[in-house]
Amino acid sequence: MTLHTVLIVDDDKEIRDGIEIYLKNEGLQVVQAQNGVEAIEALSEHDIHLILLDIMMPQMDGITATFKIREQRNIPIIMLSAKSEDTDKILGLQIGADDYVTKPFNPLELIARVKSQLRRYVTFGQFEDDTDIVRVNGLVLDQQAKQVTVDGESVRLTPIELKILSLLMIHAGRVFSIDEIYEKVWKEPSFNAENTVAVHIRKIREKIEINPKNPRYLKVVWGIGYKIEK
């Protein structure tokens, strides 16, 4: 776990420093923030793999921060809550937190929960079939809601376009031949499918790319097929 970084967000510096000691003893890297505003800034500046997020903080509380983070990122969030904050804790879980630990907490329990969430995140990753949110840079697919956004802007796709894009995003970096795309999306043997697939690829590009002629995401690998660039 030496390459994994945990973001600790709490307005109490003693709590942040204490948690940091335990995390570093486990070989984890640590970034600190004292409120939700600093947390969001830290996410843009560091490669964060898990967030420990206090609920009650000045400037931006943990509930608001969780909501904003979930608009863009799918990394694990463990909320730190006092017993008097049960309602906020439940709300936090409803809007996207993965777990919670009640203050005052046992540091060993906290570390165990951190390790568990990191194992889940690293093992299953963001690009597996059973992950609801699939992210490739600014391109985000919500498989459950059947929605796609590009840099936060919603994109309207037809069901076939969505199936094609989902296939490529879930397996980002892998090249699929035209026949593979057709058979996996249309669920029937491929026969002269090149034009059919090409038309849909072109329409997807027109919707997700700033410049469809010089695509950032949906790439052609000449003579082989198509892929989503990681």
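**Figure 1. Overview of the chain in the predicted model.** Of the 230 residues in the chain, 43% are buried. The model is predicted, with a mean pLDDT of 87 over the chain and a value of 70 or more for 93% of the residues. The chain contains 8 helices and 11 strands. Along the principal axes, its C-alpha atoms fill a box of roughly 65 × 30 × 30 Å. The accessible surface amounts to about 12,500 Å², and carbon and sulfur atoms account for 49% of that area. When contacts in the chain between residues at least 6 apart in sequence are considered, 55% of them join residues at least 24 apart.

**Figure 2. The largest nonpolar core.** This core has 30 residues, and those with the most contacts inside it are Leu139, Leu165, Ile181, Ile208 and Ile228. At least two residues each are supplied by the strands β6 (133-136), β7 (139-142), β8 (147-150) and β11 (225-228), and likewise by the helices α6 (159-170), α7 (178-186) and α8 (194-208). Helix α6 provides the largest share, 7 residues. Beyond its neighbours within four places in sequence, leucine 165 is in contact with Leu139, Val148, Leu157, Ile204, Ile208 and Ile228. Another core, of 21 residues, lies apart from this one and has Val9, Ala42, Ile63 and Ile77 among its members.

**Figure 3. Surroundings of valine 9.** Valine 9 belongs to strand β1, which spans residues 5-9. Its relative accessibility is 0%, and valine 9 therefore counts as buried. With neighbours up to four places away in sequence left aside, valine 9 is in contact with Ala33, Asn35, Gly36, Ala39, Ile51, Leu52, Leu53, Asp54 and Met57. Isoleucine 55 stands 46 residues from valine 9 in sequence, while the C-alpha atoms of the two are 9.1 Å apart.

**Figure 4. Helix α3 and its cover.** Helix α3 comprises residues 62-70, and its buried residues are Gly62, Ile63, Ala65, Thr66 and Ile69. Viewed down the axis of α3, these buried residues fall within an arc of 165° and so line one face of the helix. An α-helix has 3.6 residues a turn, so residues three or four places apart point the same way. The cover over the buried residues of α3 includes the helices α2 (36-45) and α4 (86-94) together with the strands β3 (50-54) and β4 (77-82). At the N-terminal end, aspartate 61 caps α3, with a side-chain oxygen 3.2 Å from the backbone nitrogen of isoleucine 63.

Figure 5. Aspartate 54 is located in strand β3. Why does aspartate 54 count as buried? Its relative accessible area is 4%, and the buried class covers values under 20%. The side chains of aspartate 54 and lysine 103 are joined by a polar contact of 3.0 Å. Residues up to four places away in sequence not being counted, aspartate 54 touches Val9, Asp10, Asp11, Gly62, Leu80 and Lys103.

Figure 6. The bond from lysine 103 to proline 104 is cis, and its omega is near -10°. Proline 104 is found in the loop that runs between strand β5 (99-103) and helix α5 (107-124). Lysine 103 is also the partner of aspartate 54 in the side-chain polar contact of 3.0 Å.

**Figure 7. Two residues with positive phi.** Although it is not a glycine, aspartate 151 has a positive phi of about 50°. Aspartate 151 is placed in the loop between β8 and β9 (153-155), and a relative accessible area of 49% makes it partly exposed. Asparagine 192, also a residue other than glycine, has a positive phi near 50°. Asparagine 192 occupies the loop between α7 and α8; with a relative accessible area of 67%, asparagine 192 is exposed.

**Figure 8. Residues 124-130.** Over this stretch, residues 124-130, pLDDT stays under 50.

Key: Residues numbered from 1 in each chain as written. Predicted model: local features only at pLDDT ≥ 70, side-chain atom pairs only at ≥ 80, totals over all residues. Heavy atoms only, no water. Buried < 20%, exposed > 50% of the residue type's maximum accessible area, 1.4 Å probe, protein only. Helix = DSSP H or I, 4+ residues; strand = E, 2+ residues; numbered from the N terminus. Arc of directions from axis to C-beta. Contact = heavy atoms within 4.5 Å. Polar contact = N/O pair within 3.5 Å; in protein donor to acceptor, adjacent residues only side chain to side chain. pLDDT = per-residue confidence, 0-100. Areas by Shrake-Rupley, 256 points an atom, 1.4 Å probe, with all protein chains shown as cover. Core = buried A, V, L, I, M, F, W, Y, C linked by side-chain atoms within 4.5 Å.
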